[in-house]
Amino acid sequence: MRVFAAIACACLGLPAAAAALASDINWDRVDLPSERAAIERFQAFDQRLQDVGWKLVRGNAAFCDRVIPSIGLQLQDLASYGAPEVARAALGMEGDFAVQTAARGSPAGLSGEFPGNREVTRLARMDPNQWEAGERLYWQRLTKAHDHVDAMLAEHGGIEVTFANGESVKVGSVDVCATRFELMGEGSRAVADGNRVVIGIDFPGFSYPEEVFAGVVAHELAHNLLGHSAWLDRNGRGRRNVRKTEREADRLMPWIMANAGYDPVFAQRFMEQWGPRHDGGLLRNRSHDGWDERAEFIAEEIPTIHALIESEGAADWRTHFRREIDPQKGL
Ligand SMILES: [Zn+2]
């Protein structure tokens, strides 16, 4: 629930698929079904994150500073695994690129053409499998592929994706707030860096119902939508400043959840469920309010949100949300 100036790439913590070099792999000892199960578990958690993330960035596109076209497709690149050969064998793949997730309700998801692990051989005219990659744990190529997709969508409003069986599908994009969601293969932290929301696979909220889990994704996204990382870079990460940004992120949670179609009460519910057990220790310092105060601040926003939805059809936080900080400060 914190903002970091810079975080290491989330792709490093990918599941199983050993950390051994190709030459070290003793295939007799590799249990492919359990490798595959580990990858599929990771993908199932990622799907939950992407489904919720999509609803939030799509539902709030009208109010964000930075909006980009998207089709809701997330790829995987076996080069980013600790042992790409093991992952390839476990998934029965020939190349390196395949579908990771297509967010529910997104253009990619609605097309029905992007089931998990379907091999991808072309993104528009480029075959990303042909791009140079390091031997293992090489996440840069996947970032490049996602950047390429974004560039094609910005230029053409859609993209043609070709699969290993030669079939192609053209998908048109829609506007979303510019944030990528990434699942980290280890750890229980949730962080936002301005461009990404990164959540560890052990974050306790994954076991909550979707609309409650959406609370943490909304909180982290709120940091990005409100420009907190850059603001803290300019104005310092002292406790007072951090506390103000945390309070803003909490208070914006129900707004962005409401625009995504979730009942804003679930923002409060998240804090009440997560807070008592997890908001102790490190977080119980003066940079964050106590979880009970945080739940109250969230609750206080809800009548305004309901009134706005009643009168305007959406909770326009860009116009109506009361800031705790001066967003221009330090510019
Ligand atoms: Zn936070």
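Axes are lines fitted to C-alpha atoms, for helices over the stretch in contact, and angles run from 0 to 180 degrees between N-to-C directions. In this predicted model, local features need pLDDT of at least 70, side-chain atom pairs count only at pLDDT 80 or more, and totals for chains, interfaces and linings use all residues. Residues are numbered from 1 along each chain as its sequence is written, and side-chain values use heavy atoms, without hydrogens or water.

Helix H7 (residues 239-259) and helix H9 (residues 291-312) cross at roughly 35°, and their axes come within 9 Å. Helices are DSSP runs (H or I, at least four residues), numbered from the N terminus. In their contact (heavy atoms within 4.5 Å), the residues of H7 include Trp 255 and Met 253, and those of H9 include Phe 297 and Leu 308.

## Helices H5 and H8

The axes of helix H5 (residues 210-225) and helix H8 (residues 265-278) lie 8 Å apart, at an angle of about 85°. H5 and H8 are therefore roughly perpendicular (65 to 115 degrees) to each other. On the H5 side, Glu 211, Val 212, Gly 215 and Val 216 take part; they meet Phe 266, Arg 269, Phe 270 and Gln 273 of H8.

## The second largest pocket

The second largest pocket has a volume of about 540 Å³. Of its 26 lining residues, the closest to the centre are Asp 65, Asn 224, Leu 225, Leu 226 and Gly 227. Helix H6 gives the most to this lining, with five residues. A pocket is an open set of points on a 1 Å grid over the protein atoms alone, where a 1.4 Å probe fits, with protein on both sides within 12 Å along at least five of seven lines; lining residues have an atom within 4 Å of a point. Its volume is the space filled by probe spheres set on the points, which are joined across faces, edges and corners.

Technical notes: Helices (H or I, at least four residues) and strands (E, at least two) are DSSP runs, numbered from the N terminus. Angles under 35 degrees count as roughly parallel, over 145 as roughly antiparallel, 65 to 115 as roughly perpendicular and the rest as oblique.
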